[in-house]
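Please look over the sequence and the model shown here before reading on.

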Amino acid sequence: MDDIDGPELLGLWQRMVRIRHFERRVSTIAETREVEGYLHIYAGQEAVACGIIPLLRESDWFTSTYRNHGHAIARDIPLEAIAAELYGRVTGVCQGKGGSMHVADQHRGMIGGMGIVAGGLPIATGAAFAATYLGQDRVAVAFFGDGAVHQGAWHEALDFAGLFQCPVIFVCENNLYAETTAVDYHLLAGSVADMTANYRIPSIQIDGMNVFAVREAAADAIDRARSGGGPSLIEAMTYRYGGQYEGDTQTYKPPAEVAHWQSRDPLTRFRTIVAERQLLKDAQLDEVEAAAAAEVTAAFATAAAAPWPDLSLVTADVYTTY
Amino acid sequence: MRKLSIKDAINEALRQEMEADERVLLFGEDIAGGAGRDEIYPEAADAWGGPFGVTKGLLAQFGRRRVVDTAVAETGFIGASIGAAIAGLRPIAEIMYIDFIGTSFDQLLNHAAKLRYVYGGKVSVPIVVRTVAGAGYRAAAEHSQALYSLYTHVPGLKVVAPATAYDAKGLLIAAIRDPDPVVFIEHKRLYMYEDDVPEEPYTIPLGSARIYREGHDATLVGIQKMVHTAVDAAKLLADEGINCEVIDPRSYSPLDTTTILASVRKTGRLVIVDESHPRCSLATDIAALVAEDAFDALRAPIRRVTGAHAPVPFSPPLEDAYLPSVDRVADAVRSLMTKPVASRA
């Protein structure tokens, strides 16, 4: 973390608190049913998106999942455009046509959120393949959860990436649950990092609650990919504070487990580390957090008041030409 | 003009588009062959050119960088094609047999077909998926299906299926240049079908039907290979004084409804010949279209001549019985000619 200066540190903090406050607000509007449909919140996992995505260039690519708000916020997509997408409004980043599960902004490198478990891995791998083919200095990242490793798409993407040495970084956000199913039950290999040996893909398991640990591993993986070293995998151990979706009663989570992971909260952790090292003052952090909370409030107010899409959009953009 | 087989016309279209555009490349299983043996058995490279030899010779010209033999992992390379297309390439992926789509359908169904829409029109996925359909090859139930309607059902995918070499070349070049995902369906029993093909590249617009034969008594719509069966039936019927118009839609999505409806308005009778299973098929779809939009023009019920609602059997006499025949088509038309014409007010 010695490579980070004050403004960059504050930028990391800003993204993490934006995510936390954004997702808190999402929980509220899910409860009040102000927004319809499925909502999957990222709270608890902030250190993963914020440790990796700011290190990517805007010309790099990444794919996300249905739990994508954190990735979008870490990529600096305007909060208002993300919120409006959740509300299904035309001012949403995808005109409201994708909704919460399909936030995307390819101009910033976010290929998009995929609604199918492991669906993004082959696509990110293909984007990485294209970069090599075109002689471009671009890398790709595929985010996925621990449940994805059982999908054929997961194995086929690693197989393809290994065979053609694509500059792709597979990032597992191991949040201990595949929907409601505990990782100690479903993950026969014990760890996702242990599953890449068959594909000769180097891997590392890291503390996904510490943004600096994530950043260090990500920097290595990105360097490796950019310098022709091929694919790698990061398994970030983290925790999903919410349920699989908003409305999930989470009866399957032991209270002691919740308490344990909340004691390792990535935001608290950040505060502790920067205080110990005297890098930032509490007042600075408080100021940024208060500003983020206000931005979130404003973004949701704007989104809620934004117009619905014109009904002609039902059949728009199915094809480019037809 | 020179004659070319469908197989060679497809090969030529691929070659010309790869020559013209560096972004065009091929992914597939054994589309060259001999991968990993180039050094010790150089003569084994390009051993196959795909199971039907369609891509043979492209390796020598374009190398393994652009003729990419993948592992037997369709989800991996279809998904990678989607990502590569978003990132600026024009990938052409080969699903060795249409039956194998089950292993990778998620990538086409939920990603290729939908990303443009769910992302609000900001991205397009210009991939071509080449694949091979059709019975009559003694290839049994899992290598013989004609799953046209599985793809046609999905908004976001375009679906084309040529029945002549001229159409194969023009439609494939159009598909490669198209900004959207196109499923290009070849028929294994038509690869050696020959007709006149210009040497220079040309395109046929997706969504334009071809009229094989004009007539005024009945309209026969033939789906891919079945258009030739329909033409043969039409020849037979012409000797009996029944003049059939024969149409090949060539493209199922988009579908040239104008040509089909205009023909039925002229003839008042419709027989659709489709070797697929009858339920939720193209035959059913076209029947519904005509029933909705040209009911007043019909002088007899619509008839579908299709494969059975059964897997394709291996046993040769069973497979032959499974498929529509010239006689079945001709009988269907004859049955319409003897139907009493509904009286009109």
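Two strands are said to pair if DSSP finds at least two bridges between them, and helices (H or I, at least four residues) and strands (E, at least two) are DSSP runs numbered from the N terminus. This is a predicted model, in which local features need pLDDT of at least 70 and side-chain atom pairs count only at pLDDT 80 or more, while totals for chains, interfaces and linings use all residues. Residues are numbered from 1 along each chain as its sequence is written, and chains are lettered from A and ligands numbered from 1 in the order in which they are written.

**The sheet of chain A**

- In chain A, six strands form an open sheet with parallel pairing, in the order β2-β1-β3-β4-β8-β7, and its edge strands, each pairing on one side only, are β2 (110-113) and β7 (203-207).
- Strand β1 (residues 61-64) of chain A pairs with β2(A) in the parallel sense over three bridges, and A:Ser64 stands opposite A:Gly113 in β2(A).
- Helix α5 (residues 120-133) of chain A packs on this sheet, touching β1, β2, β3 (140-145) and β4 (168-174) of chain A, where contact between two residues requires that their C-beta atoms, placed from the backbone, lie within 7 Å.
- The direction of α5(A) makes about 170 degrees with that of β3(A); axes are lines fitted to C-alpha atoms, for helices over the stretch in contact, and angles run from 0 to 180 degrees between N-to-C directions.

**The sheet of chain B**

- In chain B, seven strands form an open sheet with mixed pairing, in the order β3-β2-β4-β5-β7-β6-β12, and the edge strands, β3 (67-69) and β12 (251-253), each pair on one side only.
- The twist of this sheet averages 20 degrees from one strand to the next.
- Strand β6 (residues 158-160) of chain B and β12(B) pair in the antiparallel sense over two bridges, with B:Val160 opposite B:Ser251 in β12(B).

**Where the chains meet**

- The contact between the chains takes 39 residues from chain A and 35 residues from chain B, and α3 (74-86), α4 (105-112) and α5 (115-118) of chain B each supply at least two residues of the side of chain B that touches chain A.
- The largest share of that side, 10 residues, comes from α3(B).
- The side of chain B that touches chain A divides into 17 nonpolar, 14 polar and four charged residues, where Ala, Val, Leu, Ile, Met, Phe, Trp, Tyr, Cys and Pro count as nonpolar, Asp, Glu, Lys and Arg as charged, and the others, Gly among them, as polar.

**Helices packed across the contact**

- The axes of α5(A) and α3(B) come within 6 Å and cross at roughly 55 degrees, and the two helices are therefore oblique to each other, given that angles under 35 degrees count as roughly parallel, over 145 as roughly antiparallel, 65 to 115 as roughly perpendicular and the rest as oblique.
- By class, the contact of α5(A) with α3(B) has 10 nonpolar, seven polar and no charged residues.
- Helix α6 (residues 152-164) of chain A packs with α3(B) at an angle of about 70 degrees, their axes 8 Å apart, which makes α6(A) roughly perpendicular to α3(B).
- The contact of α6(A) with α3(B) has five nonpolar, four polar and two charged residues.
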